[in-house]
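Please keep the sequence and the structure in view while reading.

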Amino acid sequence: MIKFLDLQKINSQYEHELKKACERVIDSGWYINGENLAQFESAFANYCGANYCIGTGNGLDALRLVLMAWKEMGKLKDGDEVLVPSNTFIASVIAISETGLVPVFVEPSEDSFNMSPGLIENAITSKTKVIMPVHLYGRICNMPVICEIAKRNDLLVLEDSAQAHGAMIQGKKAGNWGDAAAFSYYPGKNLGALGDAGAVTTNDASLATLIRAMGNYGSVKKYQHKYIGINSRLDEMQAAMLSVKLKHLNHEIQQRQEIAKQYIAGITNPKIKLPENSSEESVWHLFVIRTDRRDALQQYLLENNVQTLIHYPVAPHQQEAYKKYNAKCLPIVEKMQKQILSLPIYPGMSQLNVGKIISLINNY
Ligand SMILES: *Cc1c(COP(=O)(O)O)cnc(C)c1O
């Protein structure tokens, strides 16, 4: 069986380094808000080119904390609208609704899978306060244009960078374009911890200070609580694991880009629509193809021992949790979700297996 993602294989490459780092944390006797976190935050901010990085418990909290902090600063209030792609993972939408804000779904461009700038402009109303571009599948959105739209309309930009560590456009990385960005280090993400973890990056010093307090029970000084915060911290163990893995991220991205190139050069079946070859812009978190008889193709690949997944089979506005949006008609995502299929792509995946998948698809 060719697995969709082999985390055991990815992490076992660094087994020695990870175990050493783990031992150091155990021996230190200090497990929350210590030097491992400070070291990782500084390394990751540096990696993105941003001034500040604040570790959080997970990616959802990173998104929520930015929105909560903007409310605390008076930049947002209940009922303000946030533009979010209709084809994102549900976390982007939960972060908005759970903060008392209103998600407004913007359809993606069919070529890039990312929010379409033209449709962003059409969706702006007097209540719009934030654009939340999601760099889906590892490909960074058209940030130069999105930031220009935001500036012209006096809107904040929160990048959901959960799938795009290291992705760049015009030489500038995800996490350094908007007013703030949220990252997830969920184990399956391109930079994955060995548990839950996330972070915010920003160049705004006062926002960074506020988020750090808000994620630590609203406390700036121990037992003094200035805000009604939450408990969402990146712990020392995960920070130590992430520092090890960050050193290998660029090499892993290169491996993903090579696999993507191999797929793009090899798949010639005319029934399959390949993703655009945007290799300088994409870190290929996922390799997503489109085809009309998707379920049949997925079944055929499974019968031939290839695991695939669908990202995502049901759009947020159609979820049971969001009954109030169920009647909305968003034709692009509704069509795409019946056609998309994510093929295996991960660092360490053998050329032989990529080749097997290519032949299977071409013979289909
Ligand atoms: C994974 C993901 C998140 C949430 O991250 P968690 O760490 O699982 O909370 C948010 N947005 C997108 C686009 C994601 O893929």
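The model is predicted.

**Helix pairs**

Two packed helices are described by the angle between their axes and the distance between the axes. Helix H2 spans residues 15-28 and helix H9 spans residues 236-246; their axes come within 9 Å and cross at roughly 150°. That makes H2 roughly antiparallel to H9, since angles over 145 degrees fall in that class. The crossing of H2 past H9 is right-handed. On the H2 side, the contact involves Glu17, Leu18, Ala21, Cys22, Val25 and Ile26, and these meet Glu236, Met237, Ala240, Met241, Val244 and Lys245 of H9. By class, the residues of this contact are 9 nonpolar, no polar and 3 charged.

The other pair is H4 with H5. Their axes are 9 Å apart and the packing angle is about 30°. H4 and H5 are therefore roughly parallel to each other, as the limit for that class is under 35 degrees. This crossing, too, is right-handed. From H4 the contact takes Leu60, Leu63, Arg64 and Leu67, and from H5 it takes Ala91, Ser92, Ile94, Ala95 and Ile96. Here the division is 7 nonpolar, 1 polar and 1 charged.

**Pockets**

Which helix gives the most residues to the lining of the largest pocket? The lining of the largest pocket draws at least two residues from each of helix H4 (59-72), helix H5 (90-97) and strand S8 (180-184). H4 has the largest share, with 3 residues. The pocket has a volume of about 590 Å³. Its lining comprises 30 residues, and those nearest the centre are Phe89, Gln163, Tyr186, Lys189 and Tyr312. The lining has 16 nonpolar, 10 polar and 4 charged residues.

The second largest pocket holds about 250 Å³ of space. It is lined by 15 residues, of which Ala21, Arg24, Asn36, Gln39 and Ala240 are the closest to its centre. Elements giving two or more residues to this lining are H2, helix H3 (35-48) and H9. H2 gives the most, with 6 residues. Ala21 of H2 and Ala240 of H9 also belong to the contact between those two helices.

**Cavities**

The count comes to 4 cavities of 30 Å³ or more. The largest cavity contains about 100 Å³ of space. Among its 14 lining residues, Phe113, Tyr137, Arg139, Pro275 and Trp284 are the closest to its centre. The lining divides into 8 nonpolar, 3 polar and 3 charged residues.

The second largest cavity has about 60 Å³ of space. Its lining includes Asn87, Thr88, Tyr137, His311, Tyr312, Val314, Ala315 and Pro316, together with Val333, Met336, Gln337 and Ile340. Helix H12 (residues 331-339) gives the most to this lining, with 3 residues. The lining has 8 nonpolar, 4 polar and no charged residues. Tyr137 lines this cavity and is also one of the residues closest to the centre of the largest cavity. Tyr312 lines the second largest cavity and lies among the residues nearest the centre of the largest pocket.

The volumes are collected here.

| Space | Volume |
|---|---|
| Largest pocket | about 590 Å³ |
| Second largest pocket | about 250 Å³ |
| Largest cavity | about 100 Å³ |
| Second largest cavity | about 60 Å³ |

Methods. Residues are numbered from 1 along each chain as its sequence is written. This is a predicted model: local features need pLDDT of at least 70, side-chain atom pairs count only at pLDDT 80 or more; totals for chains, interfaces and linings use all residues. Side-chain values use heavy atoms; hydrogens and water are left out. Axes are lines fitted to C-alpha atoms, for helices over the stretch in contact, and angles run from 0 to 180 degrees between N-to-C directions. Helices (H or I, at least four residues) and strands (E, at least two) are DSSP runs, numbered from the N terminus. Angles under 35 degrees count as roughly parallel, over 145 as roughly antiparallel, 65 to 115 as roughly perpendicular and the rest as oblique. A crossing is left-handed if the near helix is turned anticlockwise from the far one by less than a right angle, and right-handed if clockwise. Contact means heavy atoms within 4.5 Å. Ala, Val, Leu, Ile, Met, Phe, Trp, Tyr, Cys and Pro count as nonpolar, Asp, Glu, Lys and Arg as charged, and the others, Gly among them, as polar. On a 1 Å grid over the protein atoms alone, a cavity is a set of points where a 1.4 Å probe fits but cannot get out, and a pocket is an open set with protein on both sides within 12 Å along at least five of seven lines; lining residues have an atom within 4 Å of a point. Grid points are joined across faces, edges and corners, and a volume is the space filled by probe spheres set on the points.
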